Protein chains: 2
Amino acid sequence: MISVEEAQARILAAFKPTGTEVMDLAHLAGRVLAADVKAPSDQPPFPVSAMDGYAVRRSDGETPRKVIGSAPAGHPFKGAVGPGETVRIFTGGVIPKGADAIVIQEEVDIVGGDVQFNASALRPDFIRTAGLDFKAGDVLVPAGKRITPRDMALLAAGDITEAKVRRQPRVAIASIGDELSAPGSPRQPGGIAASTGYGLSAMISMWGGAPCDFGILPDTAQEIATVADADAELVVTLGGVSVGDHDLVQKALGTADFELDFWKVAMRPGKPLIFGRLGTTPILGMPGNPVSALVCAILFLRPAIDALLGIESSASGAPQRFQYGCRPITARLRHDLPANDGRQTYIRARLIHEGGDVWAEPFELQDSSMLSVLAKADALVVRVPNAPPADTGDRTDIIPLDGY
Amino acid sequence: MISVEEAQARILAAFKPTGTEVMDLAHLAGRVLAADVKAPSDQPPFPVSAMDGYAVRRSDGETPRKVIGSAPAGHPFKGAVGPGETVRIFTGGVIPKGADAIVIQEEVDIVGGDVQFNASALRPDFIRTAGLDFKAGDVLVPAGKRITPRDMALLAAGDITEAKVRRQPRVAIASIGDELSAPGSPRQPGGIAASTGYGLSAMISMWGGAPCDFGILPDTAQEIATVADADAELVVTLGGVSVGDHDLVQKALGTADFELDFWKVAMRPGKPLIFGRLGTTPILGMPGNPVSALVCAILFLRPAIDALLGIESSASGAPQRFQYGCRPITARLRHDLPANDGRQTYIRARLIHEGGDVWAEPFELQDSSMLSVLAKADALVVRVPNAPPADTGDRTDIIPLDGY
């Protein structure tokens with residue numbers, strides 16, 4: 001058995017970023033940039049007013065100003081502001097030549113057509129200088145970042161119309177087990193519905209991959225080899241990786257062109273994880289228990305997809321992000337917990353926000369067959385190997401499950 | 001001017017959940033259930049073994065057992081376990097009649113074909129009882145919940161093949177401003193690229209709505225009324241809501257069949273927010289500054305979409321979730337902050353995880369035109385109206401921007 005950290009490091013080492021494709025701006029949200037996107041020009045392109053008011057020369061002091069024109073956004077004033085003159089201006093309007101301050105409209109009196117105000121109303125800081133937001137050549141969004149909605153607005157502001165992104169990694173999924181049938185189809189005696197693949201496909205899509213579910217496969221080497229032949233960057237098998245005579249993935253793989261990297265990780269749930277390569281395709285053999293498999297996906301599959309997407313922190317193996325498969329945060333325990341054994345343990349828990357603290361309340365039942373508990377959980381409490389007993393109120397690392 | 005909380009309450013009150021549609025299991029991820037989904041049957045449907053080993057009768061104590069058959073998952077043993085007998089069993093295998101405990105395979109010796117073990121190896125708790133995960137009639141996923149990948153696995157395990165969900169609310173977007181042009185198209189003098197709509201569309205999709213971007217509209221009542229005639233649950237306008245002579249949305253709306261609910265919210269950025277109804281369509285008039293508009297989207301548009309989706313916490317106006325537009329968490333300030341004025345202020349900040357604490361470090365520049373700062377931010381620090389000065393290390397409410 002190896003540690004979770006070693007397993008994560010070995011998996012990360014096996015993946016390189018996928019190839020690239022160029023996508024239109026409208027389709028960039030959620031994609032990962034393959035190269036820095038730089039601003040072609042300054043934003044704003046020219047000094048603009050941050051307020052509605054009057055563009056004036058500071059050197060004129062409190063002299064009443066004669067209004068010589070106006071500068072709404074998108075309609076620059078063509079002349080210049082001379083001594084004793086002002087231009088009516090609006091938010092986003094280009095600062096006319098000669099002007100170096102704004103007086104906001106709430107601070108003026110119009111007397112006989114002239115604009116009057118106190119010297120304290122002269123505000124050079126209400127001028128947004130050219131390039132205040134970004135300058136030509138600045139990196140707007142860096143390579144390896146997944147593009148957020150806020151980045152979308154920034155790219156649009158930078159007049160970007162397309163960008164080079166990573167191709168979505170293809171992940172093939174095969175469910176293995178004689179007891180499985182598709183949801184809603186007739187079950188054989190002793191049978192249950194295959195479930196993990198549905199959760200896994202949704203996770204893979206959410207993490208930026210392209211899932212391809214091969215459904216339920218017979219436990220034979222030939223069938224598994226077929227999946228590995230699929231044009232995928234990674235094959236995930238579900239089930240068939242334990243020690244029983246009927247856990248055939250290992251046997252099946254033993255007869256194929258399979259190179260084992262590791263088998264068994266010192267963790268709970270999820271111990272019987274297999275990682276290796278079938279021909280040229282990496283294969284991640286996950287436990288058949290749905291909870292174990294989904295926890296393994298969070299810990300091992302997400303980093304693999306991140307590495308395939310060239311997400312920066314995973315390419316560098318950044319320890320903070322991957323120490324527990326994603327950036328852990330701390331919470332306070334709502335229960336005492338006993339000492340842990342030698343396996344890193346992931347306890348399903350509810351989070352409670354109270355008194356400025358986040359509290360983690362472990363569910364009583366932690367059986368790895370209980371999807372209903374995993375679905376209700378807000379977080380996994382991480383217990384390191386041989387952790388001493390923990391008391392109510394102690395701080396503990398948690399992995400939030402928001403959105404998973 | 002009204003408070004952020006009052007504005008949120010008024011907006012929430014204006015929306016009822018959309019109609020429903022039935023979707024196949026494979027397309028349920030991210031959708032919001034319109035009715036509880038209940039389990040049609042127990043899971044597991046029968047008692048099963050949690051481990052690989054031997055199914056035995058406890059009353060036989062340490063008597064060596066004769067192996068009379070096997071029960072892999074999906075292949076139940078057809079007979080019964082009698083005195084002195086055992087059935088080889090595997091994880092997920094149906095517990096044969098007569099057996100009431102499991103002995104795991106690591107604890108047995110095979111002597112002359114018989115299975116031997118100590119009494120302490122008898123484990124009734126390695127039997128998963130029928131209905132351990134869920135029972136027929138249990139609610140698997142409740143109405144008003146957005147379906148997560150974990151819920152997907154749970155629904156599949158429950159043999160659910162379809163469910164009734166809320167129709168995705170249609171949100172029309174119109175950008176208003178003579179200075180705007182589409183990214184990449186030629187700019188007029190004094191012009192800039194329209195940007196907010198791209199960020200907003202991506203947010204609306206992420207929040208479960210269906211955005212429809214009408215692009216850049218001339219500042220006329222007629223054009224805005226056209227958008228309101230679109231078959232949308234909500235129209236969002238960007239720009240044209242300030243006090244200047246050239247901010248025409250108000251004027252335009254004034255001439256149409258517009259009923260104002262409120263105008264101006266005591267907040268920064270985002271003060272000149274308008275909410276009302278044009279004919280039968282609710283209309284949210286957002287500021288032209290992209291940062292102001294995107295902050296307003298997080299605070300006001302997301303709750304509106306949640307209400308349209310019938311997400312439980314918003315239907316009940318749940319105060320915790322919506323106090324600041326989403327559930328705030330606390331962080332410690334990395335800087336001193338001055339006293340706040342009468343407007344609720346949302347300060348763009350970076351988050352730093354250090355020493356088990358989350359620290360919020362406000363960016364130096366907070367100008368509402370700076371998309372580059374908003375794109376880099378991890379959170380908004382919330383400063384309530386008239387908040388006293390805050391010191392470095394003080395706890396403060398933040399709104400995390402993860403995924404926005």
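At what angle do helix α1 and α6(A) pack, and how far apart are their axes? In this predicted model, helix α1 (residues 4-13) of chain A packs with α6(A) at an angle of about 30 degrees, and the axes are 9 Å apart.

## Helix packing in chain A

Two packed helices are described by the angle between their axes and the distance between the axes. Angles under 35 degrees count as roughly parallel, and α1(A) is therefore roughly parallel to α6(A). The crossing of α1(A) and α6(A) is right-handed.

From α1(A), the contact draws on A:V4, A:A7, A:Q8, A:I11 and A:L12, while α6(A) contributes A:L299, A:F300, A:P303, A:A304 and A:A307. By class, the residues in the contact of α1(A) with α6(A) are nine nonpolar, one polar and no charged.

## Helix packing in chain B

In chain B, helix α1 (residues 4-13) and helix α6 (residues 290-308) pack at an angle of about 30 degrees, with a distance of 9 Å between their axes. The helices α1(B) and α6(B) are therefore roughly parallel to each other, and their crossing is right-handed.

The residues that meet are B:V4, B:A7, B:Q8, B:I11 and B:L12 on α1(B), and B:L299, B:F300, B:P303, B:A304 and B:A307 on α6(B). This contact of α1(B) with α6(B) comprises nine nonpolar, one polar and no charged residues.

## Domains of chain A

The domain assignment divides chain A into domain 1 (4-17 + 168-320), domain 2 (20-43 + 133-166), domain 3 (48-128) and domain 4 (328-400). Where domain 1 of chain A touches domain 2 of chain A, the contact takes seven residues from domain 1 and six residues from domain 2. On the domain 1 side, these residues divide into four nonpolar, two polar and one charged.

## Interface between the chains

The contact between the chains takes 71 residues from chain A and 71 residues from chain B. On the side of chain A that touches chain B, at least two residues each come from α2 (149-157), β15 (192-193), α3 (196-206), α6 (290-308), β22 (329-333) and α9 (371-376). Of these, α2(A) gives the most, with eight residues. By class, this side of chain A has 38 nonpolar, 23 polar and 10 charged residues.

## Relation of the two copies

Two copies of a chain are related by a rotation about an axis and a shift along it.

Key. Residues are numbered from 1 along each chain as its sequence is written. Chains are lettered from A and ligands numbered from 1 in the order in which they are written. This is a predicted model: local features need pLDDT of at least 70, side-chain atom pairs count only at pLDDT 80 or more; totals for chains, interfaces and linings use all residues. Axes are lines fitted to C-alpha atoms, for helices over the stretch in contact, and angles run from 0 to 180 degrees between N-to-C directions. Helices (H or I, at least four residues) and strands (E, at least two) are DSSP runs, numbered from the N terminus. Angles under 35 degrees count as roughly parallel, over 145 as roughly antiparallel, 65 to 115 as roughly perpendicular and the rest as oblique. A crossing is left-handed if the near helix is turned anticlockwise from the far one by less than a right angle, and right-handed if clockwise. Two residues are in contact if their C-beta atoms, placed from the backbone, lie within 7 Å. Ala, Val, Leu, Ile, Met, Phe, Trp, Tyr, Cys and Pro count as nonpolar, Asp, Glu, Lys and Arg as charged, and the others, Gly among them, as polar. Domain bounds come from an automatic or database domain assignment.
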